[in-house]
Amino acid sequence: MKPFWFGAGPVGSVGALVRLGAIGAIMLSVAGAFAYTGGWLSAVQLTQDRMMAAFQDANGIHAGFRRNHAKGVCVTGWFESSGQAAPLSKAAVFKPGRVPVVGRFALAGGMPFQTDEPATVRSMALRFLPPGGEEWRTGMNNIPVFPVNSARGFYEQLLASSPDPATGKPDPARMKAFLAAHPETVRALQLIKERQVTSGFANSAFNSLNAFRFVDESGASVPVRWSAVPVQPFAADSAEPAAAGDENYLFDDLIVQIAQHPRKWRLIVTIGQADDPTNDATLPWPADRRQIDAGTITIDQASSEDSGRCTAINYDPLVLPAGIEPSDDPLLSARSAAYARSFTLRAEEEHEKQPSAVTSQEVQAEGKS
Ligand code: HEM
């Protein structure tokens, strides 16, 4: 797959907006194809618009922001490949050497002004830009498994967690009914609850959760999942800054830390075996699977989404170079379709967008402290 049209520049001008609109239109048709092949539009009548409406019901309207993972900051840096993944994947990004990356750290949820809380799912998204245009995009979360294994499950979970118009709060009976119908979510939530929450983004590990396939020069393929594992030491979250009223404490700490010196993660690739589930992101793989240290991600600059390079990027998990292919996980085409629609909406709404929670001034101030 050669997704040449995904290379939009920063948002912020009429030209950029038009470009985004054009990109959005192409992505919409691509997304439609994915949704169709994923059985998403046909069998269950779950459309991109219904999914977006469910996000809106759950989170309210926040024009110009991502419908999920709405609060974030942009970062840049590079990936230094160790060459160790090259025998398994012919992707240019795994040949020994350095590749620039444009990334984004964010909190899950469609509320761009939510207060940073330790338990909120944290994410790291990366766009690798090797020479030759065979780029790779990935979005990873700091949880061990995903709570649902289908687009329908995701949608129903959103509906169940939306505030009841009568009370302004989610109706516990709806969540109870959702969980009763989704035992895979109950099992996954238990694993998610048991994870150790760290003190910040910089010492969090981020996981692809979905499975993919690495394809070598001969065409042979293996199932994989990958993780960005922090080089920064573990420290447990104390939640003190949040309690003291620093509502951006996770982002502020990250900006200060990156300004002090670059932060690093190892890109660890886990190789699945024949029986390991590739189509169900709620299920972990056995802990003893072979792992490869594919190289080091270094992040050396942070900027607000208001001016940063990540805002005009759709971290679509199906933007893959030759050498990395989708697995049979149905979430992948569902994600691709939802991200495309979210991208189109936020591009169209750009002129209405409020400054992000972590503003350019804040990034500058934190970066100097
Ligand atoms: C059917 C399931 C899913 C739906 C409908 C969904 C929906 C979304 C949407 C609408 C966005 C905002 C996209 C944009 O405007 O650019 C988003 C962002 C994101 N999602 Fe998902 N998602 C799903 C599953 C997953 C899974 C399995 C992961 C696993 C890691 C994931 C990780 C992320 C990350 C990391 C971001 C933030 C990307 C960024 O910083 O721009 N999502 N999701």
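Me: What should I know about the model before I start?
Reply: The model is predicted, so local features need pLDDT of at least 70 and side-chain atom pairs count only at pLDDT 80 or more, while totals for chains, interfaces and linings use all residues. Residues are numbered from 1 along each chain as its sequence is written, and side-chain values use heavy atoms, with hydrogens and water left out.

Me: How many helices and strands does the protein have?
Reply: Helices (H or I, at least four residues) and strands (E, at least two) are DSSP runs, numbered from the N terminus. Here the protein has 9 helices and 10 strands.

Me: What share of the residues is buried?
Reply: Buried means under 20% relative accessible area, exposed means over 50%, and partly exposed is in between (1.4 Å probe, protein chains only). In this protein of 369 residues, 54% are buried.

Me: Now the ligand, please. Which protein atom is a donor to its iron atom?
Reply: Donors are N, O and S atoms within 2.8 Å of the metal (3.2 Å for Na, K and Ca); water is not among the atoms, so sites may look incomplete. The iron atom has a single donor from the protein, the OH of Tyr339, 2.1 Å away. You will find Tyr339 in helix 8, which covers residues 330–348.

Me: Which residues come nearest to the ligand?
Reply: A residue is near a molecule or strand if one of its heavy atoms lies within 4 Å of it. The ligand has 26 residues around it, and Arg66, Arg104, Tyr339, Ser342 and Arg346 come nearest.

Me: How do I read the polar contacts there?
Reply: A polar contact is a pair of N or O atoms within 3.5 Å; within protein, one must be able to donate a hydrogen and the other to accept it, and residues adjacent in sequence count only if both atoms are side-chain atoms. At the ligand, a polar side-chain atom of Tyr339 is 2.5 Å from a nitrogen atom. The side chain of Ser342 has an N or O atom 2.5 Å from a ligand oxygen atom, and for Arg346 a polar side-chain atom lies 2.9 Å from an oxygen atom of the ligand.

Me: Which element gives the most residues to the shell around the ligand?
Reply: That is helix 8, with 8 residues.

Me: And how does that shell divide by class?
Reply: Ala, Val, Leu, Ile, Met, Phe, Trp, Tyr, Cys and Pro count as nonpolar, Asp, Glu, Lys and Arg as charged, and the others, Gly among them, as polar. The shell has 13 nonpolar, 9 polar and 4 charged residues.

Me: Which cysteines form a disulfide?
Reply: A disulfide is a covalent bond between the sulfur atoms of two cysteines. The search takes cysteine sulfur atoms within 2.5 Å as a pair, and it finds 1 disulfide in the whole structure. Cys74 and Cys310 form it, with their sulfur atoms 2.0 Å apart. The link is left-handed, with -75 degrees about the S-S bond. Because Cys74 lies in strand 1 (residues 71–81) and Cys310 in the loop between strand 9 (291–304) and strand 10 (324–326), the pair ties together parts that are 236 residues apart in sequence.

Me: Is Cys310 buried or exposed?
Reply: Cys310 is buried, because its relative accessible area is 0%. Cys74 counts as buried too, at 2%.
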